[in-house]
Amino acid sequence: MTVAPLPPLPAEAEYGQLGLARAGLAELRREDPELAELLDAEVRDQDTTLAMIASASIAAPSVLAAGGSALSNVTAEGYPGARYHPGAANFDEVERLAVSRAMDLFGARYANVQPHSCSSANLAVLAALVPPGGTLLGLDLDAGGHLTHGSPASVTGRHYRAVHYGLDAHGLIDYEQVAALAAEHRPAVLIAGASAYPRTLDFARFREIADSVGAYLLADISHIAGLVAAGEHPSPVDHAHITTTSTYKQLGGPRGGLILSGRDHRTPGPDGRTPLDRLMQRAVFPQNQGTPAPAAIAAKARAFALAAEPRFTRTARLTVSGAHALAAELGRLGHRVLTGGTDNHMVLIDLRDSRLTGVVAERALEECGILVNRNRIPGDTRSPLVTSGVRLGCNILAQRGMGPQHMRECAELMHAVLAATTPLSDTEYRVDPHERVQLREHVRALCARHPLPHATVRADDPGALGTGAAL
Ligand SMILES: *Cc1c(COP(=O)(O)O)cnc(C)c1O
């Protein structure tokens with residue numbers, strides 16, 4: 001049999017992932033302009049709107065490139081060196097890299113990078129540490145907790161007996177109540193973590209309470225992982241038995257989750273024998289997930305490397321100082337800021353004294369190019385679809401280089417939009433059309449002065465794809 005000569009290898013620059021990405025974008029443009037245009041529109045929208053979504057950040061192009069890489073084509077259950085499929089040699093190295101970078105970044109002694117989200121990570125951890133029907137203690141959803149902390153709307157609230165702690169009169173976590181509920185209900189797991197809480201969490205105090213009743217402490221730092229990595233919020237890794245986080249909220253990574261353990265990684269699990277690190281390995285696979293997402297794990301590895309760079313730390317500092325200034329400015333303009341300020345990236349506004357509901361404020365602001373999300377506030381009587389508050393975050397503003405000195409302008413823009421909004425009901429409203437045009441233009445100009453990092457990188461620029469620029 002004669003074999004046809006192999007075609008010459010493409011030029012170096014075109015070979016491998018770069019060639020694939022370029023071919024992919026060209027194919028999309030050529031064969032699916034409808035989809036390609038939507039994807040381009042998204043880049044433009046992100047660059048021209050002021051995103052103050054507390055749970056979002058912008059992933060660097062190299063993170064997006066790794067997440068869209070050919071590793072997606074690898075199917076391999078199991079862990080590096082112990083897969084249930086062949087062909088995972090590169091993926092093994094990538095996963096090892098992601099694990100070691102995660103451990104370095106957070107000073108952890110164990111990391112599992114396979115969870116598809118922080119929700120999956122929490123479900124895996126709880127399934128490993130709480131027996132069916134057992135008790136968990138977490139922050140109430142209305143007080144800023146997360147669905148997976150035992151809300152009735154989540155399986156965690158149906159398959160476990162969930163008990164919830166709340167906030168004191170100042171809107172701060174009531175540690176006395178946490179201790180009292182722990183003593184009364186003796187939970188298997190105490191969860192420290194929140195989706196809408198603007199103040200520092202006292203992980204040492206949580207651990208004391210957990211120890212006093214023999215509970216495991218799970219710290220869920222989904223919202224504040226970037227601040228923890230940068231040293232701008234105390235780390236729970238050596239206080240909690242297990243720490244979980246999302247990788248996309250503040251870490252600039254792909255959609256995904258991460259499980260960490262520090263000092264307690266060899267502490268025995270509920271059976272009194274199996275150490276927590278081994279329990280967590282099994283809890284993720286095979287107990288709660290099948291195949292991992294190899295390309296997403298590559299993107300996590302890239303994001304963890306970027307988060308270890310000085311630029312990430314500078315951005316984290318700007319995030320916190322910006323949020324502080326934003327809270328102060330909004331307060332000065334007469335808005336009710338929950339807890340009177342913030343220690344992290346997040347500002348919560350109570351709209352009950354205003355004429356507007358959370359959903360009306362959210363939509364009116366969106367019309368003018370400002371993204372914030374409606375949020376229930378403690379004691380809220382409106383439904384989760386309406387709410388009486390909004391939640392703002394400074395992650396993306398800081399990534400655009402906006403710090404305290406820019407917050408007066410952001411706060412004044414928000415204030416002007418809300419002042420130009422006439423409510424017609426809890427969900428209907430009208431924004432003065434003349435004001436809307438002017439405010440939208442103002443937002444656009446502000447965004448143009450602070451472009452998103454890399455938003456203008458051209459896909460057809462030969463050097464553009466796969467650049468490893470930082471967050
Ligand atoms: C967002 C969030 C989660 C869920 O994260 P996903 O990765 O979106 O599943 C879990 N816990 C907290 C505290 C969160 O804020």
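In this predicted model, an oxygen atom of the ligand lies 3.0 Å from an N or O atom in the side chain of Ser-246. The protein covers 88% of the 390 Å² of accessible area that the ligand has on its own (Shrake-Rupley method, 1.4 Å probe). The ligand is surrounded by 13 residues, the closest being Ser-119, Ser-195, Asp-220, Tyr-248 and Lys-249 (a heavy atom within 4 Å).

Attention now turns to an annotated site. The unreviewed UniProt entry marks Leu-141, Gly-145, His-146 and Leu-147 as "binding site"; such annotations may be inferred rather than shown by experiment.

His-146 sits in the loop between strand S5 (135–139) and helix H6 (155–158) (DSSP runs of at least two residues for strands and at least four, H or I, for helices, numbered from the N terminus). His-146 is partly exposed, at 22% relative accessible area (buried is under 20%, exposed over 50%, with a 1.4 Å probe and protein chains only). Beyond four places in sequence, His-146 touches Ser-119, Leu-141 and Ser-195 (heavy atoms within 4.5 Å). Leu-147 occupies the loop between S5 and H6 and is partly exposed, at 38%.

Residues are numbered from 1 along each chain as its sequence is written. Local features need pLDDT of at least 70, side-chain atom pairs count only at pLDDT 80 or more, and totals for chains, interfaces and linings use all residues, while side-chain values use heavy atoms, leaving out hydrogens and water.

Methods. A polar contact is a pair of N or O atoms within 3.5 Å; within protein, one must be able to donate a hydrogen and the other to accept it, and residues adjacent in sequence count only if both atoms are side-chain atoms.
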